[in-house]
Amino acid sequence: MTHSAFDASAEAAAERDANDPLAEFRHAFAVPQTDGRPSRYLSGHSLGLMPRNAAERVGRELERWAERGVGGHFDSGGGWYAYHERFAAPLAALLNADPAEVVAMNSLTVNLHLMLVSFFEPDGARQRILIEAGAFPSDRFAVESQLRFHGLDPAIDLIELDNDGSRTIDAELLDAALAAQGERVALILLPGVQYLTGQALDLAALTKIARKHGCRIGFDLAHAIGNVPIDLRQSEPDFAVWCSYKYLNGGPGAIGGAFVNRRWLADRGRPRFEGWWGQRADQRFDASRPFDPPVTADAWQLSNPPILAMAPLEVSLELFERAGIGQLRQKSIALTAYLEALLEHECGDAVAVTTPREPDARGAQLSLRLDRSADQ
Ligand SMILES: *Cc1c(COP(=O)(O)O)cnc(C)c1O
């Protein structure tokens, strides 16, 4: 966008608001106040805002607890025993996955460990894990400790995709890294949207390269789900994990999720850490039955889920369903371009955008580098 084409006036901004088909959704969220006015909240990638109906929905489960006690598990139409099942379809819609491949459970890092237990199987020379340079600390700790758990040495067996700290991650870069040592790599873990650069990765292209070199691949969708449309049917990774308190607005420490590719679901011999909530629902209380999981991602569940922590996410997913991720994405592209143009207009060279400029290669985030010398 050139300077001349961009209208930075408040009137032009108000006109954009007036023509926004999603404008009503602002009122569905509580916006924190600063000096008595709604703040410009640019922290949704860290903690999404509270959907106003969250309190009512949590209250409903508290009431159920008060009135029904343990009976609340088996209330018809909404009992806790099957509570988690209602999350699979709306989450699958955001991921373009089969609901059978999706489960809301635990937190991101726990789910990452569970997926690594199942899909990181060092075999002969193929025993390394590849991640991006500058990975989120929790992901790094998870893979390092998984390597040690298998008797391996992270100093040798953890490979970082060298992108000079800022270069974008693409299929070519991955292909070159795997051409050098691909037959030693068992598993690749990459982000859907990189949390520092804001780059949205091409999951299908990266998965294709992983397959070409005989590697498994999983994605951390922490900054991708609810931010950009994701198509796991097309990209076909082995697994994916995410948290729900960022773009999904599920609340602090909200329940996370996992995706297991359907081609693994029927594989009974898969190594897995097991718990009673992974058992077939009709046999969870039968101590005489051996572990007999359903052929869905539910099989990876361990414990009965935290209902009170899940209720806000249900409200949020209903909002996503009503707005539609396609329409949200359109607004996100327009808003991000608007901010980019406004920064250029107001700050010039003092602010550099380090996130890719092409809309396809980013979500709703702009990472900025500030030139302090321009202040003086
Ligand atoms: C936010 C984030 C996490 C957080 O992990 P939790 O287990 O939810 O605390 C992990 N990895 C990435 C890439 C993240 O962006």
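In this predicted model, a polar atom of the side chain of Thr 355 lies 2.7 Å from the backbone nitrogen of Ser 367, which is a polar contact in the sense of a pair of N or O atoms within 3.5 Å, where within protein one must be able to donate a hydrogen and the other to accept it, and residues adjacent in sequence count only if both atoms are side-chain atoms. As the model is predicted, local features need pLDDT of at least 70 and side-chain atom pairs count only at pLDDT 80 or more, whereas totals for chains, interfaces and linings use all residues. Residues are numbered from 1 along each chain as its sequence is written, and side-chain values use heavy atoms, with hydrogens and water left out.

Thr 355 sits in the loop between strand E12 (351-353) and strand E13 (368-370); helices (H or I, at least four residues) and strands (E, at least two) are DSSP runs, numbered from the N terminus. With a relative accessible area of 2%, Thr 355 is buried, the classes being buried under 20%, exposed over 50% and partly exposed in between (1.4 Å probe, protein chains only). Not counting residues up to four places away in sequence, Thr 355 touches Thr 197, Gly 198, Arg 362, Gln 365, Leu 366 and Ser 367, contact meaning heavy atoms within 4.5 Å.

Arg 262 belongs to helix H10 (residues 262-265) and counts as partly exposed, because its relative accessibility is 35%. Its contacts, leaving aside neighbours within four places in sequence, are Glu 101, Arg 233 and Glu 236, and with the side chain of Glu 236 the side chain of Arg 262 makes a polar contact at 3.5 Å. Thr 296 is 34 residues from Arg 262 in sequence, while the two C-alpha atoms are 7.8 Å apart in space.

Two residues other than glycine have a positive phi. Asp 35, with phi of about 50°, lies in the loop between strand E2 (33-34) and strand E3 (37-38) and is exposed, at a relative accessible area of 78%. Asn 106, with phi near 50°, is in the loop between strand E5 (102-104) and helix H4 (108-119) and is partly exposed at 26% relative accessibility.

| Residue | Distance to a ligand oxygen atom |
|---|---|
| His 223 | 3.0 Å |
| Tyr 245 | 2.6 Å |
| Lys 246 | 2.6 Å |

Of the 390 Å² that the ligand exposes when taken alone, the protein buries 83%, with areas from the Shrake-Rupley method and a 1.4 Å probe, and, for residues, only the protein chains shown counting as cover.

At the level of the chain, there are 12 helices and 13 strands, and buried residues make up 49% of the 376 residues. The C-alpha atoms fill a box of roughly 75 × 60 × 35 Å along the principal axes.
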